[in-house]
Amino acid sequence: MRNFIKEAFTDFFCEYETPRQVLVRNPRVGIACRILQLGVLAYIIGWVFMYEKGYQVEDTAISSVFTKMKGIAYTESNGTERLWDVADYVFPDQGVSSFVVMTNFIMTLGQSQGKCPELADGSNSCTSDADCKKGQYKRTGNGRMTGTCINKTSCEILSWCPVQDDRVIPKPPLLAAAENFTLFIKNSISFPEFGVVRSNLVESVDSTYLKTCLFDPNKQPLCPIFKLGDIVSLSGFKFSEIAQVGGSIGILIEWECNLDLRIEKCIPKYSFQGLYGNNSQASVGYNFRTAKYYTEDRIQKRTLMKVFGVYIEIIVNGKARKFDIIPTLTAIGSGVGIFGVATVVCDVVLLHLVPKKDFYKTLKFKSTPEQEQETDSVEMDQTKEPTQ
Amino acid sequence: MRNFIKEAFTDFFCEYETPRQVLVRNPRVGIACRILQLGVLAYIIGWVFMYEKGYQVEDTAISSVFTKMKGIAYTESNGTERLWDVADYVFPDQGVSSFVVMTNFIMTLGQSQGKCPELADGSNSCTSDADCKKGQYKRTGNGRMTGTCINKTSCEILSWCPVQDDRVIPKPPLLAAAENFTLFIKNSISFPEFGVVRSNLVESVDSTYLKTCLFDPNKQPLCPIFKLGDIVSLSGFKFSEIAQVGGSIGILIEWECNLDLRIEKCIPKYSFQGLYGNNSQASVGYNFRTAKYYTEDRIQKRTLMKVFGVYIEIIVNGKARKFDIIPTLTAIGSGVGIFGVATVVCDVVLLHLVPKKDFYKTLKFKSTPEQEQETDSVEMDQTKEPTQ
Amino acid sequence: MRNFIKEAFTDFFCEYETPRQVLVRNPRVGIACRILQLGVLAYIIGWVFMYEKGYQVEDTAISSVFTKMKGIAYTESNGTERLWDVADYVFPDQGVSSFVVMTNFIMTLGQSQGKCPELADGSNSCTSDADCKKGQYKRTGNGRMTGTCINKTSCEILSWCPVQDDRVIPKPPLLAAAENFTLFIKNSISFPEFGVVRSNLVESVDSTYLKTCLFDPNKQPLCPIFKLGDIVSLSGFKFSEIAQVGGSIGILIEWECNLDLRIEKCIPKYSFQGLYGNNSQASVGYNFRTAKYYTEDRIQKRTLMKVFGVYIEIIVNGKARKFDIIPTLTAIGSGVGIFGVATVVCDVVLLHLVPKKDFYKTLKFKSTPEQEQETDSVEMDQTKEPTQ
């Protein structure tokens, strides 16, 4: 028994199977088939390996972003001069990846809780007290109706009074100087699978360069300091328009790193696009209300601001690729499989479409006898073959 | 030599190899094998291509979200009427994708820095000054102990005074009207690989529709305006409960776009789920403290609010698929490989389990002689074959 | 005709093709080939299936994070004692996944709009009014120049006055007590493809454990309560350094869930890393300006704070894997394909490098006659074979 196993083992290791093949000498089928096979080979090498880099694995970056705005704006209204710095015009303060730079506003000073007439725009008009049901809210209104119609014009409401009148948006925008504000972006990405950490302050961006540079898509594509006016125009908006009514802009930082090359070649690409449009048509318009609360003469008051501004969202899309044996072998394996498809296609032509198809069939196929009782004789014939 | 190359070249192009095969006529093995092959074929076509769409590549969306709450709430406590608008009850103001809608609160007015007794709950009690070590902090305390035990009840502390008493949470919630607040969501996604940009304001959602619509999972599944009460109940909470103690809700916007179809079919699907639970059991409870600072009589004071509310996080999960030649051919290649597996399985049956296995072996295999010295005679025999 | 189809159908189902193969008995080539085949088999089973888990599909988590800081700090400057609680030192308040814990600050009390001299640091010096062009801004300045040079030292500007002097950063940091602040993190992830929801409050983290536990990478790796000092030191910073000038830290929560195992094994792993460095060298420095506005004697004033602190960003990287038939069969299919490669390689050796290569060629290949006119005679010969 042991001997038998040993023999089988030796047999197994001293021989190997290789398919028997027919070399079909038919120029037409041959050329067609070779071209097909070369096509498959070209596809595997050219497309899968060179174009799509099928020999690499991909990892998505984990990213963090820090931002800092700089710049000062000056306004003058009714003889009151006012200066706006970062703490005044950026919301929120902390330098996160999405924030608003105020470019225009409607300010209502000294609101306090009380009763006052509703804003006299069309949707809130009344002719008698019956139009102002006590305790009700109008969908377009700013407060709770007291039941009184004032001067046959608008309902009296309980609200923060006076009500903010936001019917006219200042034009030109009050903080038009925002065009010259600068934005500094610090972006750090890490590829956990590959153990690589990169920052957008790449090798060529040192502290000396940072002091003077300003982003320019062609001349200074790596400078992480952006003029707000440039961001707006590069995203396809007009600054004068967006500054008045507000708008949303995405700053896309794209990292496409081939880690088989030097790490210095792994650099960010900045692009800009208007957000919230449909079918690549960006729409303007962005505002929100914010209030500053204070106490005056023991009464709680607030300054309500309707802020129009540029909402900036920094979106990081980081991908790195590196050689890996698994996708390489999977691609090769699939390639060999597709090679088999080429042979199958050629066989279909050879066995069904060529005039001498029956001849080729006899070459390619060897049939066992159809009836089982014929077995004996065939077996006898067959056994001759090995000693042929 | 050149002639030789030319000839080899012609040979190569005028012929092709195709494996020689045995047509095994054995009904039992044949049927089993055909069924196996048909199964593989059905799997490749049905599952890989039709169900899993293995002929497409997938891209993940880059998304940005803008939100806007609307609604007014009225409270009355101790005869003081008060109206709450968006600037009062939404944190933060700017319309970002995660925010809190206040539904209940504990307000402590006019806190200033000073010395006052600690909150007299069980964990801060004292019987003598020895229990209140000067300069120490209690883990459950609100300030720095001065070393005095007041009225044998609680330690005196340096803190914002008076200390906020948050032992009783108002019930019913003070801003129960929040149930009728509405939330408008603007969501824009882009698939950078396919160059497609979409907004949740799809073709059927125009400005007329927006003015009147209200989201309903069955009747108006595309309307991007949501009632807060609906959001809460659709995520499986009771509004009265969550409004009192707060809670976290995720609004999931799912995009499953097949870009081989018309772009109009690429629409969002909204779903709602309670967050922070375990094993799909969501738990209520969400609060934070926020302070409004002001100066009164040259003393810095603050109004401390413990805010209970609905924390909403909008999560976008966008995926698009499009036909691509690479995954198609990879799937086909793998399929051909698996076809090979079917043949291997059939061969195992044929060569080891069928009674006439030795006969089939002689058909399938042709052995070269075992001893190398026998080579000559065999070679002689073999050379006859091509001219056979 | 119908009979013919039926017969073809029966034929198709009662037979199957299997390639004819040569069993090459050549110890050298045989051993080489077997080793190659075993290598491929080991690769498929060991690497693809066991190491890379090629039989599973992967899904990325949708995650939401809630945070809560706890702790109290005490400062004393110029005899004024002050206590800082969460509402004072965390920005923003709402417990989002990225926030700042203030550890140091420069406070400028009572700023109001007016005219005052610019900060007298080197970059803003002047010798005469000509150096201070009216209406201009200096890049390093804090306001709009009025055209006057005060005391031949610095330009007068319109600004929030007095100008904040941030030339000296307090050392030691004012809120050094921040080292003992604790951070509680609630993280919930869901894998939409698998319908699984998990929270970082896993089975072993119950409410009793939460009351006393403190994260320790070795002893208590699942406790979701972190000491700020530990976070800083685990990310490779010195607390005294980062507390003075600020810094950015990423808390990475990694979920690697194998859903073929019990769900209890799906637990988070916390790690800490300094952000914004390059080549894994983290750099310190983080600050922002924030203002608190109030009205005093009918004049709008503000308290400007330059806040230095630890910016914490919680990054969740969740991945789950589960058995799926598609990748399993794709891996098998590719494996069979690669098996074919092994045979091709052996064939190259056999047919080109072995002395008796011509002999093996005649075994493996059967040629059809080169000239088409020879067909007849060959066909005659060939037709004998099936009845051989």
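1. A salt bridge here is a side-chain nitrogen of Lys or Arg within 4 Å of a carboxyl oxygen of Asp or Glu. In this predicted model, Glu296(A) and Arg298(C) form one through their side chains, with 3.2 Å from N to O. Across the interface of chain A and chain C, the rule finds 4 salt bridges.

2. The interface of chain A and chain C also holds 14 residue pairs in polar contact, both residues being at pLDDT 80 or more. On the side of chain A that touches chain C, helix 7 (residues 325-353) of chain A supplies the largest share, 8 residues. That side is made up of 33 nonpolar, 16 polar and 24 charged residues.

3. As for extent, 73 residues of chain A are in contact with 87 residues of chain C. The two chains bury about 7,400 Å² between them, and 53% of this lies on carbon and sulfur atoms.

4. Turning to chain B, 86 residues of chain A are in contact with 73 residues of chain B. Chain A and chain B bury about 7,400 Å² between them, with 53% of it on carbon and sulfur atoms.

5. Between chain A and chain B the rule finds 4 salt bridges. One of them joins the side chains of Glu296(B) and Arg298(A), at 3.3 Å from N to O. Helix 2 (residues 27-51) of chain A gives the most to the side of chain A that touches chain B, namely 10 residues. By class, that side has 36 nonpolar, 29 polar and 21 charged residues.

6. Strand 1 of chain A and strand 2 (residues 21-25) of chain C run antiparallel and are joined by 5 bridges. Pro19(A) has Gln21(C) as its bridge partner. Tyr16(A) stands opposite Val24(C) in strand 2 of chain C.

7. Strand 18 (residues 365-367) of chain A runs parallel to strand 2 (residues 21-25) of chain B, and 3 bridges join them. Here Phe365(A) has Gln21(B) as its bridge partner.

Definitions and conventions. Residues are numbered from 1 along each chain as its sequence is written. Chains are lettered from A and ligands numbered from 1 in the order in which they are written. This is a predicted model: local features need pLDDT of at least 70, side-chain atom pairs count only at pLDDT 80 or more; totals for chains, interfaces and linings use all residues. Side-chain values use heavy atoms; hydrogens and water are left out. Two strands pair if DSSP finds at least two bridges between them. Helices (H or I, at least four residues) and strands (E, at least two) are DSSP runs, numbered from the N terminus. Contact means heavy atoms within 4.5 Å. Buried area is the accessible area (1.4 Å probe) that two parts lose on being put together, summed over both. Ala, Val, Leu, Ile, Met, Phe, Trp, Tyr, Cys and Pro count as nonpolar, Asp, Glu, Lys and Arg as charged, and the others, Gly among them, as polar. A polar contact is a pair of N or O atoms within 3.5 Å; within protein, one must be able to donate a hydrogen and the other to accept it, and residues adjacent in sequence count only if both atoms are side-chain atoms.
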